[in-house]
Amino acid sequence: MKGLYCKPGDQGDVKFVSQETNVPTNIGDHQVKVQVKSCALSPVDFKLYEDLKLEKEHVPVGREIAGVVLQVGSKVAFFQPDDEVVGILPLEAEQSGLCSVVVTDEYNLVLKPEKVSWFEAAAVIKDGLRAYTALHTLARMAAGQTVLVLDGAGPFGVLAIQLAHYHGVKVLATALSPEDQKFLEDIVERNDMIRVWDSKEDLVDSCLEETGGLGVDIIIDSGVKLFDEEPEAQRHCPHKHDLLTLLSVGGHWVTTEQHLQLDPPDSHILFLKAASLSFLNDEVWTTSRAKQGRYLHILKDVMDKLCTGTFRPQLEDPVPLYEATVSMEMVQSKQTRKRIAVKL
């Protein structure tokens, strides 16, 4: 049985290799053996593996999976053979999600609704978790508030917008390209869309005009420009000073920028506004079992909202297994967004 793995190089380059993997013949009391039907291809964060002392020569690729239960351990309480499940493999997993069969703890999985396809389940499970973590756990979203979602047409941004709308929150979203703008027209009001790709449109002016000068209650970013001179890939990212300006009194900024640095004047602005800042790292759910029940509840609710149509993800066509290596190289280098590999 083959799986896809990546090996970081000395010069920062990454090599993806397909290699044979053995499936354990004996499984633990609380483990489940799953036949994988679909797997999401998301970028691998090597720095996170290093920080958590989980470095490996070959890092498994593909952690968001959906499939059918083949076998359960003697003490498994949640599943039985032939159940359809979806989940996220932990960072310490030894097997790639692109293997035909994986073994994982039952606490990493939830039941997949029958109406939800394998393709959609694997595509939404982690971005849905990120949206819940950002808006509920960190920002404490409430009806009547205003949220700014940067890169609203991205896989995570789309679900964050839809989750906010579901709870009666007004959403402003940025479009990074004309294609993103066209897609966002179906899920946000035209006046609530900010075309950052258009040099004539200013993020700060647009948001303040739309909120009557009060600013937004919640900001969900997709990267922050820390310095005036940034790589081309960050040309549409806002400067941290712009986001501080946009925060309302008592506002909350949820950032994905792990290297964000606030100078004393920046902290003083947060103090004057009684505002707060949180770092979005959804991996904490699997690296710590402190809130295991809440984690599984979120995963189940993500699937329920996908089943009822609350979540309507933006999905590219699935890729067959033989194209997974090339697709993963494009995802890792940010030439394309998340892709989903489906077992044909």
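Visitor: What makes D151 count as buried?

Guide: Welcome! This is a predicted model, and D151 in it has a relative accessible area of 15%. Buried means under 20%, so D151 is called buried. You will find D151 in the loop between β9 and α3.

Visitor: Is K334 called buried or exposed, and why?

Guide: K334 has a relative accessibility of 71%. Exposed means over 50%, so K334 counts as exposed. Its place is the loop between α10 (324-332) and β15 (339-342).

Visitor: How do you know whether W253 is buried or exposed?

Guide: The relative accessible area of W253 is 0%. With the limit for buried at under 20%, W253 is therefore buried. W253 belongs to strand β13, residues 247-255. Beyond its neighbours within four places in sequence, W253 touches several residues, including I219, V224, L243, L260 and S278.

Visitor: Which residues of α2 and α9 meet?

Guide: Among them are A121, V124, I125 and L129 in α2, and I298, L299, V302 and L306 in α9. By class, this contact has eleven nonpolar, one polar and three charged residues.

Visitor: Which residues have the most contacts inside the largest nonpolar core?

Guide: They are L135, V147 and L184, in a core of 47 residues. Elements that each supply at least two residues of this core include β9 (146-149), α3 (155-166), α4 (178-184) and α9. The largest share, eight residues, comes from α2.

Visitor: What is L135 in contact with, leaving aside its neighbours within four places in sequence?

Guide: L135 is in contact with R140, M141, V147, A160, L163, A164, I218 and I220. Another core, of 30 residues, lies apart from the largest one, and C6, L41, Y49 and A93 are among its members.

Key: Residues are numbered from 1 along each chain as its sequence is written. This is a predicted model: local features need pLDDT of at least 70, side-chain atom pairs count only at pLDDT 80 or more; totals for chains, interfaces and linings use all residues. Side-chain values use heavy atoms; hydrogens and water are left out. Contact means heavy atoms within 4.5 Å. Helices (H or I, at least four residues) and strands (E, at least two) are DSSP runs, numbered from the N terminus. Ala, Val, Leu, Ile, Met, Phe, Trp, Tyr, Cys and Pro count as nonpolar, Asp, Glu, Lys and Arg as charged, and the others, Gly among them, as polar. A nonpolar core is a set of buried Ala, Val, Leu, Ile, Met, Phe, Trp, Tyr and Cys residues joined through side-chain atoms within 4.5 Å. Buried means under 20% relative accessible area, exposed over 50%, partly exposed in between (1.4 Å probe, protein chains only).
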